Amino acid sequence: NNNGLAGTLSKRIGELNSLQRLDLSNNNIKGRIPSEIQWLLNLTYLSLSYNSFEGKPDLYFHQKQQFDLFHVHGNMMSGGITFTPKHKSNASSFVADCGKPAAFILTCNECTMCCNSEGYCRDIEGYSKSWIDQRLADPPVTAFIFATLVVALFLLAWVLYAYYKCKNRFSSTPSTRSPSIVIKENEYALDAIGNDSVYQFFLSKSWWGWIFAFATIVMQILTIFPFLAEAGTHKSTWQCLPNVLECIDTSDGDISPQGWSIFGIMMAVHLSKDLINGFKLINLSARQGRTCNERVRHFLGGMFLILVSTFSLFVSVIFIRATASSDTDVIKDSVVILFVMEVDERVYDILSAINRRWTDQTSETDRAQDFKNEIEELRQIVESLRLQKEGRGNNNAESQDESKNSHGLTVSAYF
């Protein structure tokens with residue numbers, strides 16, 4: 001190795017039947033790796049790293065060939081390589097360019113280390129121990145988890161609805177819902193979801209408001225999703241340098257309990273309010289006396305608050321466990337993800353700057369309707385009292401007439 005060799009590797013290498021160890025690393029050998037090399041049944045040590053091999057080698061070594069070391073990283077190959085490891089003495093035993101980001105992806109299922117185009121590698125064996133993290137970072141698994149959460153929120157709303165319905169049925173004084181109570185509940189819902197958030201449009205009847213709110217949620221998820229994808233590739237903190245058989249871990253260290261404590265405090269400060277208010281909105285949607293439209297709006301508002309908050313927390317934990325190697329990394333990664341949580345407020349600010357009248361009208365539409373309902377009910381109450389008063393007056397007049405008639409009959413009978 002490291003002899004300044006150039007040119008291509010001859011196909012006649014397959015004639016070296018007794019060859020056990022081949023180290024041509026750190027040279028300038030070009031072209032394809034000849035397929036004849038896979039018939040060297042006695043070969044147990046192969047290092048072709050840091051050359052200029054290219055193309056698709058598609059090497060499938062015989063099962064009788066059991067390697068102690070297999071290094072093909074630092075090249076420009078893509079395709080697949082299959083071999084049988086004799087034993088995995090350490091993480092540096094079997095290395096290939098199978099990491100991301102990479103201009104050339106080489107599939108190597110038996111490799112213990114995958115390197116990327118930036119010169120860093122990740123420990124496959126070390127990552128396989130974190131099986132749960134690997135599975136959670138898988139998009140289908142993530143989708144299943146949050147679909148389950150949506151179903152759980154539906155069940156929670158149904159249970160709360162049944163509870164309030166039974167409570168109202170067996171109560172000696174069934175609850176009534178006057179317009180004044182409606183106004184207070186809608187104001188409470190608006191305060192819970194946020195007066196300065198585009199999510200408040202979920203409480204309105206404006207289709208454009210709903211479109212902007214849904215678009216904001218999609219934008220937040222798409223912004224956070226790359227962090228989940230990055231977590232799926234695990235952290236690449238190793239370096240497999242030329243002329244060095246053992247790869248080096250360049251990470252600064254592990255996350256301390258203090259780092260996780262800081263992470264927990266940051267998440268609690270930024271997300272607990274949305275989580276609590278989300279559950280309050282779902283509870284509000286289950287109370288008696290609401291229309292179907294109101295229930296849907298309050299439930300969706302609470303559900304989206306909970307989903308966005310839990311998704312941010314979920315991705316933060318997975319991403320930090322996969323990529324952070326120090327307490328400072330925890331803080332930096334948390335701040336970036338939490339910044340995405342403020343997008344709904346920034347979108348509302350932009351919409352207000354463009355057309356403040358529309359945002360105000362969209363926010364105040366339901367309030368105006370509530371006031372109209374309250375005025376209508378007050379009018380009905382006044383009308384009912386007036387009718388009752390007139391009814392009493394008529395009853396008194398009739399009783400007086402009956403009294404006079406009966407008195408006249410008594411006098412007539414007397415005479």
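Asp329 is buried, at 17% relative accessible area, where buried means under 20%, exposed over 50% and partly exposed in between (1.4 Å probe, protein chains only). Asp329 pairs with Lys332 in a salt bridge, with 3.6 Å between the closest N and O atoms; the term covers a side-chain nitrogen of Lys or Arg within 4 Å of a carboxyl oxygen of Asp or Glu. Both residues sit in helix 8 (residues 327–340), three residues apart, or about one turn of the helix.

## How to read this model

This is a predicted model: local features need pLDDT of at least 70, and side-chain atom pairs count only at pLDDT 80 or more, while totals for chains, interfaces and linings use all residues. Residues are numbered from 1 along each chain as its sequence is written, and side-chain values use heavy atoms, with hydrogens and water left out.

## Confidence along the chain

The protein chain has a mean pLDDT of 76, with 75% of its residues at 70 or more; pLDDT is the predictor's confidence in each residue, from 0 to 100. Strand 2 (residues 21–23) has the highest confidence, at 91, and helix 4 (residues 179–193) the lowest, at a mean of 56. Residues 365–371 have pLDDT below 50, yet this stretch has 12 contacts in the model beyond near neighbours in sequence, a contact being heavy atoms within 4.5 Å. Residues 406–415 are also below 50, and there the count of such contacts is zero. Where pLDDT is low, the predicted coordinates should not be read in detail.

## The overall fold

The protein chain holds 10 helices and 17 strands, taken as DSSP runs numbered from the N terminus (helices H or I, at least four residues; strands E, at least two). Of its 415 residues, 40% count as buried. Among contacts between residues at least 6 apart in sequence, 59% join residues at least 24 apart.

The accessible surface of the protein chain is about 23,200 Å², and carbon and sulfur atoms account for 59% of it; areas come from the Shrake-Rupley method with a 1.4 Å probe, and for residues only the protein chains shown count as cover.

## Other salt bridges

Searching the whole structure gives four salt bridges. One of them joins Arg12 and Glu15, with the closest N and O atoms 3.3 Å apart. Arg12 is exposed at 59% relative accessible area, and Glu15 is exposed at 51%.

Glu345 bridges to Arg346 at 3.9 Å between the closest N and O atoms. Glu345 is partly exposed, at 22%, as is Arg346, at 41%. Together with Asp349, these two residues form a network of salt bridges.
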